[in-house]
Amino acid sequence: MTRLPNFHAAKWDEPLVMELGRPGGRGQLFPAPEPEVMEAIGDNPLPEAMQRKDRPVLPEITEFEAQRHYLHLSQMTLGMMGVSLFGTCTMKYNSKTSEFATWRPQIAEVHPYQHPDTLQGVLEIIHDFDGILQSLSGMDQFVFQPGGGADAAYTMTAVARAYWADKGQLSQRTEMVTSIQAHPCNPATAAAAGFTVINLPLEENGYPSLEALKAALSERTALIMLNNPDDMGIYNPEIREWVQAAKDVGALCFYDHANFNGVMGKLSARELGFDACMFMLHKTFGAPKAGGGPAVGAFGCTAELAPYMPAPVVVKIGDRYALDDDRPKSCGKIREFWGNVPQVVKAYAWARAMGAEGIQMASDISVVANNYMDHRLAQLTGIARSNPDVTARRMEMTRWSLAPLHEETGIGTVEIANRMADYGIDPWWMSHEPWIVPQPFTPEAGELWSKEDIDLWIDVLARIMQEARENPELVRTAPHNQPIAQVKGDAFEDPSQWAMTWRAYQRKRDQLAAKGAA
């Protein structure tokens with residue numbers, strides 16, 4: 001067994017930044033304006049309407065004190081620096097070279113309102129990366145405006161709505177078909193766009209049958225939205241037949257490529273018959289995932305759908321690059337401007353560094369690592385594999401269940417995730433709620449993690465499962481080695497307990513003090 005880490009997170013008795021400092025503390029001392037400047041502007045340099053009535057409520061501290069404060073906070077944050085087999089999120093190493101590229105003024109200091117003539121280098125990168133994604137998908141054009149996977153799914157529903165409206169069939173094409181194991185953003189965004197959602201249940205083979213799909217399709221179907229492989233790690237081998245069935249009733253087909261990591265370089269959405277697809281740049285293409293952002297859901301489609309894409313679109317005219325905003329059939333903006341450019345640059349740098357062969361190799365390693373992880377997990381007593389009757393190899397990730405251990409000990413997936421943090425291991429991904437697998441956890445090895453990392457992660461899980469049997473209260477009350485103990489969830493339902501601003505914190509503190517005095 002791997003030697004488990006003797007881990008304990010740093011814990012500082014750190015006040016809020018607003019509670020630090022003293023009157024007169026300063027991080028910078030600015031010189032007084034030159035006499036000729038004061039003479040030019042007079043005694044009242046700001047118009048009265050622009051002057052504050054009260055001094056801003058800011059902490060008065062030195063630069064070093066501010067740096068030390070945030071260093072302490074960072075030391076109390078485990079973050080994603082442990083072993084993080086975080087399924088559906090494809091945690092990758094984020095190249096420091098890519099990070100450095102976005103710090104350069106040519107990227108960091110540009111503004112989307114600049115004239116395109118001053119943005120030629122940036123637009124060239126976006127246009128070239130569009131071409132890379134075209135080669136991986138077979139699509140004819142990409143945009144980078146969507147701010148993540150859900151935004152990209154909504155882009156598809158907005159494009160479909162504009163497409164059917166242009167064809168005069170929007171009143172007829174009112175339904176979207178998906179499956180229960182598809183990412184929830186697909187039915188959610190379709191509903192937000194005004195479509196009626198038809199959600200197909202799973203069957204014995206781990207996905208809805210082709211017969212069930214055909215029964216749901218009709219002349220009312222506007223589009224189908226699928227991810228393949230799904231979050232169970234199952235690849236639907238009937239995907240071509242699914243697409244053809246949708247085409248037979250005239251529907252559009254969208255491929256949610258959030259789980260592209262295990263198949264990148266191996267298949268093309270266009271070859272499978274899809275009309276559009278999306279990629280997660282902050283997952284598959286090595287750009288940082290961060291904590292809910294920044295993110296980019298690159299949306300691509302065929303030439304037939306391209307007129308309906310969000311504007312503007314980066315195009316090449318001769319040897320120059322331009323922003324094409326003259327698109328009368330466009331579905332409109334999904335987000336501001338033309339995308340999160342620094343994330344696009346990082347993903348572009350990753351793709352260029354990997355090359356076609358590197359991308360294929362990463363996919364191979366990801367699938368091999370996932371199946372090694374699956375093999376070792378199958379040796380643990382107390383967990384069960386989702387869709388156990390599916391004997392085919394799982395791709396990219398697998399959803400497992402702690403239901404047997406929960407039935408035996410009362411300890412479930414939430415408690416074990418909390419306890420993993422005590423070993424310096426990032427808690428796992430459970431699944432999209434509502435759970436369709438009881439007490440789920442969904443690990444994904446990807447190509448980043450070594451065999452030793454995977455072994456450590458599984459050995460930590462094995463130890464915690466042993467703890468659950470021998471001392472369940474230890475697991476139930478975790479974490480113990482973190483700066484913050486277990487957070488009680490009932491506070492999330494009570495807005496009076498929230499404190500997102502300094503004033504809200506002061507109000508909450510005063511209310512608690514008043515209750516204590518009473």
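Which residue is the bridge partner of Ser401 in β12? The partner is Pro440. Keep in mind as you look around that this is a predicted model.

**The open sheet, β10 to β12**

Ser401 and Pro440 pair up where β11, residues 400-401, meets β12 through 2 bridges, with the two strands antiparallel. They belong to an open sheet of 3 strands, ordered β10-β11-β12, with antiparallel pairing. The edges are taken by β10 (384-385) and β12 (440-441); each has a single partner strand, so one side of each has no neighbour in the sheet.

Over in another part of the chain, the pairing goes the parallel way. Strand β2 (residues 175-179) lines up with β3 (residues 196-200) over 5 bridges, in the parallel sense. One spot to check is Thr178, which sits opposite Asn199 of β3. Between these strands comes helix α7 (residues 185-192), and β2, α7 and β3 together make a right-handed β-α-β unit.

β2 also pairs with β4, again parallel, this time through 3 bridges. Here Glu175 has Thr221 of β4 as its bridge partner. β4 in turn runs parallel to β5 (residues 252-256), joined to that strand by 5 bridges; one of the pairings puts Leu223 with Leu252 in β5. A right-handed β-α-β unit turns up here as well, made of β4, α9 and β5.

Is β4 enclosed or open to the outside? Of its 7 residues, 7 are buried, so the strand is largely enclosed by the rest of the structure.

**Two cavities**

The count comes to 2 cavities of 30 Å³ or more. Here they are side by side:

| Cavity | Volume | Lining residues by type |
|---|---|---|
| Largest | about 120 Å³ | 7 nonpolar, 6 polar, 1 charged |

The largest cavity, with about 120 Å³ of space, is lined by 14 residues, and the ones closest to its centre are Ser179, Gln181, Leu226, Asn227 and Asn236. Two elements give two or more residues to that lining, namely β4 (221-227) and α9 (239-248). Both have already come up, as parts of the β4, α9 and β5 unit.

**Gln141, in β1**

Gln141 is in strand β1 and counts as buried, with 15% relative accessible area. Leaving aside neighbours within four places in sequence, Gln141 is in contact with Asp130, Val313 and Val314, among others.

Helix α12 holds Arg419. Is this residue buried or exposed? Its relative accessible area is 8%, and that makes Arg419 buried, because the cut-off for buried is under 20%. Setting aside neighbours within four places in sequence, Arg419 is in contact with Ile464, Glu467, Leu474, Val475, Ala478 and His480.

The loop between α12 (413-420) and β12 contains Pro427. At 31% relative accessibility, Pro427 is partly exposed. Beyond its neighbours within four places in sequence, Pro427 is in contact with Phe86, Ala417 and Ala421. The C-alpha atom of Pro427 is 9.4 Å from that of Gly82, although 345 residues separate the two along the chain.

Ile436 sits in the loop between α12 and β12 too, and is partly exposed at 35% relative accessible area. What does Ile436 contact, leaving aside neighbours within four places in sequence? The list is Ile180, Gln181, Leu202 and Met232. With Ile180 the C-alpha separation is 8.4 Å, across 256 residues of chain. Gln181 gives a link back to the largest cavity, being among the residues closest to its centre.

Note on methods: Residues are numbered from 1 along each chain as its sequence is written. This is a predicted model: local features need pLDDT of at least 70, side-chain atom pairs count only at pLDDT 80 or more; totals for chains, interfaces and linings use all residues. Side-chain values use heavy atoms; hydrogens and water are left out. Two strands pair if DSSP finds at least two bridges between them. Helices (H or I, at least four residues) and strands (E, at least two) are DSSP runs, numbered from the N terminus. A crossover is right-handed if, with the strands pointing away from the viewer, the path from the first strand over the helix to the second runs clockwise. On a 1 Å grid over the protein atoms alone, a cavity is a set of points where a 1.4 Å probe fits but cannot get out, and a pocket is an open set with protein on both sides within 12 Å along at least five of seven lines; lining residues have an atom within 4 Å of a point. Grid points are joined across faces, edges and corners, and a volume is the space filled by probe spheres set on the points. Ala, Val, Leu, Ile, Met, Phe, Trp, Tyr, Cys and Pro count as nonpolar, Asp, Glu, Lys and Arg as charged, and the others, Gly among them, as polar. Buried means under 20% relative accessible area, exposed over 50%, partly exposed in between (1.4 Å probe, protein chains only). Contact means heavy atoms within 4.5 Å.
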